[in-house]
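Have a look at the model first, then read on.

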Amino acid sequence: MQLILGLTILFLFAAYLLLIVYYGFCWRSIPDSKFKIQNSKFKISIIIPARNEEQNIRACLDSILQQNYPADFFEVIVVDDHSTDNTAAIVLGYATGNIKLIALKDFTNGQQLNSYKKR
């Protein structure tokens, strides 16, 4: 009885091992996709809402600029929602033409509002 149980367990383990090896072989046989973006005609806009993101905005912008999408076909718009830190200054420090800053305080005309984003 124990011999049959042991052989059954060994058979199931061997079948499972072969299945995993087969799945690994099939996974590696899938060809990599080669997406060509040099002929892309799609222009995209990346909108980043930011409020007091001084510690994160530089890493966010750097990661976007490291993409391999052509710089002529995308723009980054950072919307500063009344930050009290150096978020706007960091964004303005990026001299590339496709990064723009929109400060919401420029659109409130000095009024004290509770819902800036709706405005």
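Start with asparagine 52, which counts as partly exposed because its relative accessibility is 35%; here buried means under 20% relative accessible area, exposed over 50%, and partly exposed in between (1.4 Å probe, protein chains only). Keep in mind that this is a predicted model: local features need pLDDT of at least 70, side-chain atom pairs count only at pLDDT 80 or more, and totals for chains, interfaces and linings use all residues. Residues are numbered from 1 along each chain as its sequence is written, and side-chain values use heavy atoms, with hydrogens and water left out.

**The whole chain**

- You'll find 3 helices and 3 strands in the chain, and from the N terminus on they run α-β-α-β-α-β. Helices (H or I, at least four residues) and strands (E, at least two) are DSSP runs, numbered from the N terminus.
- Of the 119 residues in the chain, 23% are buried.
- If you take contacts (heavy atoms within 4.5 Å) between residues at least 6 apart in sequence, 64% of them join residues at least 24 apart.
- The chain's accessible surface is about 9,900 Å², and 61% of that belongs to carbon and sulfur atoms. Accessible areas come from the Shrake-Rupley method with a 1.4 Å probe, and for residues only the protein chains shown count as cover.

- Asparagine 52 sits in the loop between S1 and H2, and its phi is near 55°, a positive value in a residue other than glycine.
- Histidine 82 also has a phi near 55°, positive although the residue isn't glycine. Histidine 82 belongs to the loop between S2 and H3 and counts as buried because its relative accessibility is 16%.
- Serine 83 is in the loop between strand S2 (74-80) and helix H3 (87-92). Is serine 83 buried or exposed? Serine 83 counts as buried, because its relative accessibility is 17%.
- Which residues does serine 83 touch, leaving aside its neighbours within four places in sequence? The answer is Ala50, Arg51 and Asn52.
- A polar atom of the serine 83 side chain lies 2.8 Å from the backbone nitrogen of asparagine 52.
- The side chains of serine 83 and aspartate 80 make a polar contact at 2.4 Å. A polar contact is a pair of N or O atoms within 3.5 Å; within protein, one must be able to donate a hydrogen and the other to accept it, and residues adjacent in sequence count only if both atoms are side-chain atoms.

**The buried side of H2**

- Helix H2 (residues 57-65) has Ile57, Leu61 and Ile64 as its buried residues. They are on the same side of H2, because they cover an arc of only 60° around the axis. That arc is taken from the directions from the helix axis to the C-beta atoms.
- Among the elements covering these buried residues are strand S1 (44-50), S2, H3 and strand S3 (99-103).

**The salt bridge**

- How many salt bridges does a search of the whole structure find? It finds 1; a salt bridge is a side-chain nitrogen of Lys or Arg within 4 Å of a carboxyl oxygen of Asp or Glu.
- Lysine 100 and glutamate 75 meet in a salt bridge through their side chains (3.0 Å, N to O). Lysine 100 lies in strand S3 and glutamate 75 in strand S2, so the pair ties together parts that are 25 residues apart in sequence.
- Lysine 100 counts as partly exposed at 38% relative accessibility, and glutamate 75 counts as partly exposed at 24%.
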